[in-house]
Amino acid sequence: MTIFRKPKLVIFFFCVFNTLSLNSISSFAVPKKISYADHCASFVPESTLKLDRSYHPLDEYHHTGYYYTGGDTVNGGLSRNSSYGHYQLGNSVEFRVWSFEETDVHGLFKLQANVRFPKVRTYYYLGNSTTSSSFRSRSSHADPRWFRLHGFWSESSGKLCMVGYGRYTNQGTSLNQPAILKLYNLTNSTSITSLISGTIESLIPSSDIVKDPRYFDPVTILMLPRMNYQYTISTEDTSFGETDDHDPSSSLKLERFCSQLSVVLYDEFDLKYSSNCVSARNCTPLAVLDHLPRLVSIKSIDCLESERRLRILLEFTDSSNRWFQRRLNTNTTLVAEGSWDAKKNQLQFIACHFLEGATDSFNNSHVGDCSTRLSLRFPTTWTIENTSSVVGHIWSNKSKMESGYFPKITFKTQQSEAGRVRVPGTKYEYTKLDQVNKLCPRKKSAPNKTIAYPSPISYEMRFDMSASSSKGLDAWGYSEPVSVGNKLYDELLSSTQYTNKAAINEDEDDSLAPLSSVMMISSYNHSIPTNISYRISIQMLERSVQNSSNIILHRSTHMQISAEGIYNTEGSLCMVGCRNVGSNNYHQTTEDSVDCDILINFQFPPENQHSNNTGFIKVSIESTRKKSDPLHFERLDLSSAASYMIEAERSIWRMDMEIILVLVSTTLACVFVALQQFHVKKHPDVLPTISILMLLTLTLGYMIPLMLNFDAMFTHSTNHKDVLLQSGGWLAVHEVIVRVITMVAFLLQFRLLQQTWSARSANGMQKELWDVEKKALPLYLIGFFGASMDLNSYAGLVLDGFLLPQILLNLVRKSKEKALSIPFYIGTTLVRVLPHAYDLYRTNSSHQQLDESYIYASPVADFYSTSWDVIIPIGCLLFSLIIFLQQKFGGRCFLPKKLREQGLYEEVPSVSEDELPK
């Protein structure tokens with residue numbers, strides 16, 4: 001009640017409470033409804049709703065497009081920085097109608113919709129692997145901006161006007177942004193030349209734009225319509241047949257049209273121009289460019305499975321955007337619609353230009369000039385000189401004398417990405433095997449069944465590699481199979497049904513056995529050599545020192561090689577390789593621009609220890625041309641550390657078993673200490689006779705690991721090897737459980753130590769017994785310094801001999817007390833012996849270890865070797881036997897008879913003559 005006696009304090013709290021409450025209410029307050037008539041009446045007049053109004057399906061009233069804003073110079077602008085480094089950001093926008101109602105005016109509808117500007121995403125490169133499949137990207141997001149709007153749409157004029165509010169967060173405060181949306185050409189029937197354009201603007205008065213944080217810059221919107229879209233392309237168009245004729249049997253059919261194309265069309269392709277092309281004005285459909293673009297990317301807009309038709313955006317560019325979304329540039333992008341020609345097994349498109357879009361504002365953009373044609377097919381057969389999964393052509397439908405004509409452009413899957421987009425049914429045809437047999441004649445030798453090499457259909461066949469020489473040349477790269485037999489490597493890997501030998505070649509039996517484990521594809525004892533083809537990418541960096549200024553110069557070159565050869569019974573792979581050496585990679589490849597005089601050798605190490613396994617894959621790449629030949633290059637020797645899946649599986653099994661052993665051992669240690677607690681509770685008189693040094697050793701054995709790894713009970717940093725083996729989460733759970741159990745064992749052991757110490761202090765024997773026990777300390781010091789041992793390992797040895805202080809105490813005191821319960825000293829001894837028995841098994845197992853990470857019986861925690869694994873268990877069991885004998889027959893029962901009798905004589909008290917009876 002004291003607070004009510006201080007009115008000033010009451011007023012203060014009342015003001016604070018009301019201020020907080022009003023702020024909370026204002027942040028969640030519903031904004032005032034914006035008058036439609038005040039802002040849109042002159043653009044699209046409003047009307048009342050029909051009483052018997054009907055609702056329309058909303059599937060087609062969802063449009064996606066792109067936006068442009070002049071900048072972010074004013075508070076709350078929608079634009080973001082246009083790039084992160086050299087990676088640009090997307091500028092997409094979504095318009096989705098969620099309410100559609102008829103009005104009294106025919107053709108006038110009331111709509112409620114959301115306009116959403118998705119999260120802006122930036123990507124940047126992580127890692128240093130040269131394998132394209134190992135590239136990683138990470139994204140950072142800006143908050144999405146969305147507007148909730150209401151208004152009217154006139155079907156006859158194609159105009160739409162809506163007002164409402166957008167949500168924007170500024171420094172943690174949520175703001176409502178009043179806005180108006182105006183769209184043009186929103187018609188009920190659309191075609192390839194249809195384009196929706198418009199703007200969304202802030203309704204904040206111009207006089208307040210500087211100080212009002214809710215203001216944003218005007219945004220121009222460009223959208224591709226979906227309502228009742230009418231495809232105009234015809235498969236009977238003669239321009240396709242006359243210009244792009246090929247054998248239909250050389251192209252694959254698409255069984256699942258849209259689903260397969262969704263993967264294929266989200267890709268980029270290398271462009272190849274005719275040999276006389278120099279300027280983009282005469283050789284591309286883009287007259288505004290002053291150079292030849294290197295790539296073309298395809299982005300799907302929508303697809304109809306039943307009719308096998310689709311719409312796409314065709315973008316010409318110089319930089320790859322595989323891992324990020326680039327802003328739409330209407331000057332370098334075409335919009336196209338296409339269909340599947342079943343007679344020719346190809347896709348064919350009509351492409352149109354965005355016109356009058358020289359600026360990014362989209363204000364005057366429209367679609368026209370549909371003279372560009374495009375075809376796209378999927379080759380049934382790959383060869384060493386062509387591993388493109390997609391091949392296409394772009395050409396003009398105009399005559400050579402017309403403005404805008406350009407010669408045919410070929411595009412193919414990028415060489416570094418060849419084979420990543422696959423259509424089922426693709427085969428590989430070998431054309432260089434005769435040359436391989438001449439360069440690498442087969443050696444007749446009986447296969448060694450004790451040595452296993454990696455299967456040609458396994459993950460071990462693809463690897464990174466590197467080399468460094470004293471001459472200043474660094475090289476790194478990757479190798480990945482394209483085919484095994486005449487079937488694609490990736491298809492064989494992803495298949496869930498095959499055996500080590502079946503279905504590698506087309507002429508073999510296609511009956512397939514189920515794949516039950518990774519080991520089925522990891523271990524492969526060759527009986528017949530296997531044909532295999534590869535894709536190899538190497539980046540070389542040559543360093544040279546300029547004598548005059550001692551400046552180090554770097555010259556980087558990139559080599560892409562397609563190779564094919566024979567994988568024999570001894571883990572050796574000999575191949576012939578081809579590389580593109582054309583002076584201009586933008587022009588069509590000719591026979592003179594391909595160098596196929598390359599010899600490549602891979603030597604894989606065996607998977608087991610039955611031979612001298614170095615654990616490295618050795619790679620050599622050399623030119624078979626004469627040194628005087630301008631295409632000759634110096635031999636490259638590279639290597640890669642072999643990491644076999646079979647060893648990974650064995651290592652996972654080992655780690656799982658070690659986890660179980662740790663849990664069992666730690667739990668049993670708790671049980672044995674608890675049984676000793678029951679023993680001393682039943683026989684409290686034995687407490688003073690228990691060795692303090694022994695209990696202190698065991699207590700420290702539990703305490704020190706807990707202190708060193710206490711943070712692992714709450715946080716866990718997964719080792720990179722755990723990630724490789726897919727065991728990181730299980731290991732984290734295991735560590736927490738083990739440390740909890742170890743904590744329990746420590747508390748029980750510490751309680752026993754405290755009880756023993758208190759019992760000795762109570763009967764006055766503390767100093768006398770400690771003087772006896774501390775005589776054992778020099779033994780430990782002599783053992784450590786005499787053997788120059790590692791501290792961690794020696795600490796483990798001391799724990800193994802934990803019974804030694806108790807033996808010495810019983811020996812000096814000639815004690816016959818049953819100080820230790822049998823379950824305690826026998827059980828704890830077995831817990832200390834078990835790791836050595838396991839290490840003996842682990843050391844003599846027939847397979848190599850994948851890594852040096854051990855969960856149980858770690859070599860750094862004790863002495864582990866074949867000799868120590870025998871000596872230590874024998875010593876531990878001997879100590880247990882001595883304790884058993886001491887507690888039954890006396891502390892000196894195991895000593896020779898003379899020493900035992902000497903001890904008895906010392907116990908007889910001496911009597912003086914004066915005390916004798918007279």
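Modeller: Helix H17 (822–843) and helix H18 (868–889) each supply at least two residues of a nonpolar patch, and H18 gives the most, with four residues. This is a predicted model, in which local features need pLDDT of at least 70 and side-chain atom pairs count only at pLDDT 80 or more, while totals for chains, interfaces and linings use all residues. Residues are numbered from 1 along each chain as its sequence is written, and side-chain values use heavy atoms, with hydrogens and water left out.

Biologist: What makes something a helix or a strand here?

Modeller: Both are DSSP runs numbered from the N terminus, where a helix (H or I) needs at least four residues and a strand (E) at least two. Ile822, for example, lies in helix H17.

Biologist: Which residues form the nonpolar patch on the surface, and what makes residues join into a patch?

Modeller: The patch consists of Ile822, Ile826, Leu830, Leu877, Leu878, Leu881 and Phe884, which together have about 620 Å² of accessible area, a value from the Shrake-Rupley method with a 1.4 Å probe, where only the protein chains shown count as cover for residues. Patch residues need over 30% relative accessible area and no salt bridge; nonpolar side chains (Val, Leu, Ile, Met, Phe, Trp, Tyr) are joined within 5 Å, and like charges within 9 Å. A salt bridge would be a side-chain nitrogen of Lys or Arg within 4 Å of a carboxyl oxygen of Asp or Glu.

Biologist: Why is Ile822 called partly exposed?

Modeller: Buried means under 20% relative accessible area, exposed means over 50%, and partly exposed is in between (1.4 Å probe, protein chains only). Ile822 has 47% relative accessibility, so it counts as partly exposed.

Biologist: How many disulfides does a search of the whole structure find, and how do you know that Cys258 and Cys303 form one of them?

Modeller: The search finds five, a disulfide being a pair of cysteine sulfur atoms within 2.5 Å. The sulfur atoms of Cys258 and Cys303 are 2.1 Å apart, so the pair meets that rule. The angle about the S-S bond is -85°, and this link is left-handed. With 17% relative accessibility Cys258 counts as buried, whereas Cys303, at 26%, counts as partly exposed.

Biologist: Why is the disulfide of Cys352 and Cys370 right-handed?

Modeller: These two cysteines are joined with an S to S distance of 1.9 Å, and the torsion about their S-S bond is about 110°, so the disulfide is right-handed. This pair also links distant parts of the chain, with Cys352 in strand E17 (residues 346–355) and Cys370 in strand E18 (residues 366–377), 18 residues apart. Cys352 has a relative accessible area of 0% and is buried, but Cys370, with 26%, is partly exposed.

Biologist: What makes Phe463 and Phe602 an aromatic pair that is edge-to-face?

Modeller: A pair of aromatic rings is described by the distance of the centres and the angle of the planes. Rings of Phe, Tyr and Trp (its six-membered ring) pair if their centres lie within 6.5 Å, and planes under 30 degrees apart count as stacked, over 60 as edge-to-face and the rest as tilted; by this rule the count comes to 18 aromatic pairs. For Phe463 and Phe602 the values are 5.5 Å centre to centre and 70° between the planes, so the pair is edge-to-face. Phe463 lies in strand E24 (residues 463–468) and Phe602 in strand E31 (residues 594–603), so parts 139 residues apart in sequence are tied together. Both Phe463 and Phe602 are buried.

Biologist: Why do you say that the charged end of Lys182 sits over the ring of Phe43?

Modeller: The rule asks for NZ of Lys or CZ of Arg within 6 Å of the ring centre and within 35 degrees of the ring normal. The charged end of Lys182 is 5.2 Å from the centre of the Phe43 ring, and Arg311 lies over the face of Tyr229 at 3.9 Å from the ring centre.
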